[in-house]
Amino acid sequence: LLALMASGMSGQSFSFLGYLPNKGNELAREIKRLETLSSKFNQTQIFIETPYRNTAMINTLLQSLSGGTHLAIGVNLTLPEEKIISMHVAQWKKIKLPDFNKQPAVFLIYAGRL
């Protein structure tokens, strides 16, 4: 909930999904499905990943999501080095990606209307 509150995404309707499938094709399909659900129901989709797979998750998200979809990543929540970055996928693709590998992270996507 901390990541959702700081993300700027809709807190009116959200779904926490836990872990997504970790196989490449299954993961990409699930991400697209979640993006569709987010758009259809104006719902933020929240999930987590094993810390050592964060880099792979970020890359798959950026390859799978539309540029206008909002993506937020919260790492090390409640720790002094906490960081939450929230922006559209198109903006994520323009920056040097932070190294969130091996850090506990929460991922949020929102394709609805803000």
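Mentor: A contact here is a pair of residues with heavy atoms within 4.5 Å. The model is predicted.

Trainee: What share of the contacts with a separation of 6 or more is between residues 24 or more positions apart?
Mentor: The chain runs through the pattern α-β-α-β-α-β-β-α-β, with four helices and five strands. Among contacts with a separation of 6 or more, the share from residues 24 or more positions apart is 74%.

Trainee: What is the radius of gyration of the protein?
Mentor: The C-alpha trace spans about 35 × 30 × 30 Å along its principal axes. For 114 residues the globule rule gives 13 Å, and the protein is close to that, so it is as compact as a globular protein of that length. Its radius of gyration is 13 Å.

Trainee: Which element supplies the largest share of the largest nonpolar core?
Mentor: That core has 21 residues, and F47, M57, L61, L71, I73 and F107 have the most contacts inside it. Elements that each supply at least two of its residues include α2 (24-41), β3 (70-75) and β5 (105-110). The largest share is four residues, and it comes from α3.

Trainee: Is M5 buried or exposed?
Mentor: M5 lies in helix α1 (residues 2-7). With L1, L2 and F14, M5 makes a nonpolar surface patch of about 470 Å². The cut-off is over 50% relative accessible area. Because its relative accessibility is 67%, M5 counts as exposed.

Definitions and conventions. Residues are numbered from 1 along each chain as its sequence is written. This is a predicted model: local features need pLDDT of at least 70, side-chain atom pairs count only at pLDDT 80 or more; totals for chains, interfaces and linings use all residues. Side-chain values use heavy atoms; hydrogens and water are left out. A nonpolar core is a set of buried Ala, Val, Leu, Ile, Met, Phe, Trp, Tyr and Cys residues joined through side-chain atoms within 4.5 Å. Buried means under 20% relative accessible area, exposed over 50%, partly exposed in between (1.4 Å probe, protein chains only). Patches are made of residues with over 30% relative accessible area and no salt bridge: like charges are joined within 9 Å, nonpolar side chains (Val, Leu, Ile, Met, Phe, Trp, Tyr) within 5 Å. Accessible areas come from the Shrake-Rupley method with a 1.4 Å probe; for residues, only the protein chains shown count as cover. A salt bridge is a side-chain nitrogen of Lys or Arg within 4 Å of a carboxyl oxygen of Asp or Glu. The radius of gyration is taken over C-alpha atoms; the globule rule is 2.2 Å times the number of residues to the power 0.38.
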